[in-house]
Amino acid sequence: MLAEQFDVFLFDLDGVVYVGAEPLPGAVQSLRRLREEKKEIRFLTNDPCTTRKKTAAKLTGLGIEASAEEVITSGWATAQLLCREKIKTAFVLGDENLKWECEQAGIQWIGTDEADPDAEAVVVGWDSDLSFHDIQKAVRLIYRGAKFVATNADRTFPTPAGPSPAVGAIVEAIRISTDMKPLVAGKPSPYMFNAVLERFPAASRIVMVGDNPYTDVLGAHQAGISAILISGDKKKKFPSALDFRNPDAVIPDLQSLFVDGLAMKKWNRPSFSWPDYVQPGVAGIILDEGQRVLLMKRADNGLWGIPSGHVEPGETVEAAIIREMQEETGLTVRVKRLIGVYSDPQSQVFSYPNGKVSQFITVCFECEAVSGELEWDVEETLDVDYFAFDQLPEDLLKMHPRWLKDALDLKEGHISFIR
């Protein structure tokens, strides 16, 4: 039984334990049985329009044992996150529940009715009375240096009339206007999970049970724990075996936790961060007359690497490599041949200062310099030099030895390939 494999169970609420004001079939009995078997239970919800005490009272009213200390709401997690960031004042786009949580954490909240607010953080929750003017105030504050914080990034929530915009819709409006990714307290951000995990011994066997692969499963896997998806569709999966959103088990309801023979995969977290985007990139292996390769030492990490860059909208990869080599090295190049196409997330996922995480699909070419002299941006590049293939620096960017080996193999008659 799945129930026997774990010591601690983290449950999403809406769609897992209840729907609206009614418990789901078997939920009350299943949670009671877990209690009887001495399992630890915590309830995690992205709903910012409630408090821990109110959520516990709702569960109790449905016949489910719960205390406020066993509930983690995105509003409470946001207040704790603000404390961790040493925030004392916050411009809050949210209802009275989020403001109450901020008050309990000693944070002075500023409401949307103040004409020209000044605060250390902008906090996005949910308030159906928010206006575009409130979003404008938030954007101005972030441009002035305020931290951008969100209770969650859920884009919709279910209603009887169909999906309705949620907190993520407001977050996106501010993100697009500021080009800043917010600190997110709720699922799938690791912060909510870590607030729970740090209270249990490291050896505890912990699992998340939820109905949303984009929040519950992804968040659990980012935090390094197993995930069970509540769903009637066992066949629906994301194509890649390394996709963080694929659950370790799929069951139709909580009663299935006690069914014999159900399979459970072991989650082994890959070494890369989960990317927000997949982007096209290019890299150029430029050889001199002595067949030495041009490498650049990056200022941001101190590592040597092949000149590389992005593909811009409307641009062919050949035009992109010619432009990027000119911008990066000052050299005008001719593209000789394709070395390979690469997308290994272990080596091509990057995190940026604005919080974005991108995975690159890189098209690598061998190029020949036809004119120009070496010159580079000293703020981005520490040094530039040519190296023999058997005398490459040890401090190379981790993906580049593969590209250089493929280039050398190609020169010796092997075919190029995709990685």
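**Figure 1. Lysine 187 and its two polar contacts in the predicted model.** In this predicted model, the side chains of K187 and D216 are joined by a polar contact of 2.8 Å. A second polar contact, also 2.8 Å, links the side chain of K187 to the side chain of D12. K187 is situated in the loop that runs between β12 (183-184) and α7 (190-197). The residue is classed as buried because its relative accessibility is 1%, and the cut-off for this class is under 20%.

**Figure 2. The surroundings of K187.** When residues up to four places away in sequence are left aside, K187 touches D12, L44, T45, N46, D154, M192, F193, M208, T215 and D216. Two members of this list, D12 and D216, are also the partners in the polar contacts of the K187 side chain. K187 itself is buried.

**Figure 3. The cis peptide bond between K187 and P188.** K187 and P188 are joined by a cis peptide bond, with omega at about 5°. P188 is placed in the loop between β12 and α7, and K187 lies in the loop between these elements as well.

Figure 4. What separates the sulfur of C364 from the closest cysteine sulfur? The closest one belongs to C367 and lies 8.0 Å away, which is too far for a bond.

Figure 5. L374, W376 and V378 make a nonpolar surface patch of about 270 Å². One of these residues, L374, is found in the loop between β22 (357-371) and β23 (381-387). L374 counts as partly exposed because its relative accessibility is 33%, a value that falls between the limit for buried residues, under 20%, and the limit for exposed residues, over 50%.

**Figure 6. Two loop residues with positive phi.** K38 has a phi near 65°, a positive value in a residue other than glycine. K38 is located in the loop between α1 (27-36) and β4 (40-45), and it counts as exposed, with 73% relative accessibility. Q291 is not a glycine either, yet its phi is positive, at about 60°. The loop that holds Q291 lies between β16 (277-287) and β17 (293-298). Q291 is partly exposed, with a relative accessible area of 38%.

Figure 7. The chain contains 11 helices and 24 strands. Its C-alpha trace spans about 80 × 60 × 40 Å along the principal axes. Among contacts in the chain with a separation of 6 or more, 69% are between residues 24 or more positions apart.

Methods: Residues are numbered from 1 along each chain as its sequence is written. This is a predicted model: local features need pLDDT of at least 70, side-chain atom pairs count only at pLDDT 80 or more; totals for chains, interfaces and linings use all residues. Side-chain values use heavy atoms; hydrogens and water are left out. A disulfide is a pair of cysteine sulfur atoms within 2.5 Å. Patches are made of residues with over 30% relative accessible area and no salt bridge: like charges are joined within 9 Å, nonpolar side chains (Val, Leu, Ile, Met, Phe, Trp, Tyr) within 5 Å. Accessible areas come from the Shrake-Rupley method with a 1.4 Å probe; for residues, only the protein chains shown count as cover. A salt bridge is a side-chain nitrogen of Lys or Arg within 4 Å of a carboxyl oxygen of Asp or Glu. Helices (H or I, at least four residues) and strands (E, at least two) are DSSP runs, numbered from the N terminus. Buried means under 20% relative accessible area, exposed over 50%, partly exposed in between (1.4 Å probe, protein chains only). A polar contact is a pair of N or O atoms within 3.5 Å; within protein, one must be able to donate a hydrogen and the other to accept it, and residues adjacent in sequence count only if both atoms are side-chain atoms. Contact means heavy atoms within 4.5 Å.
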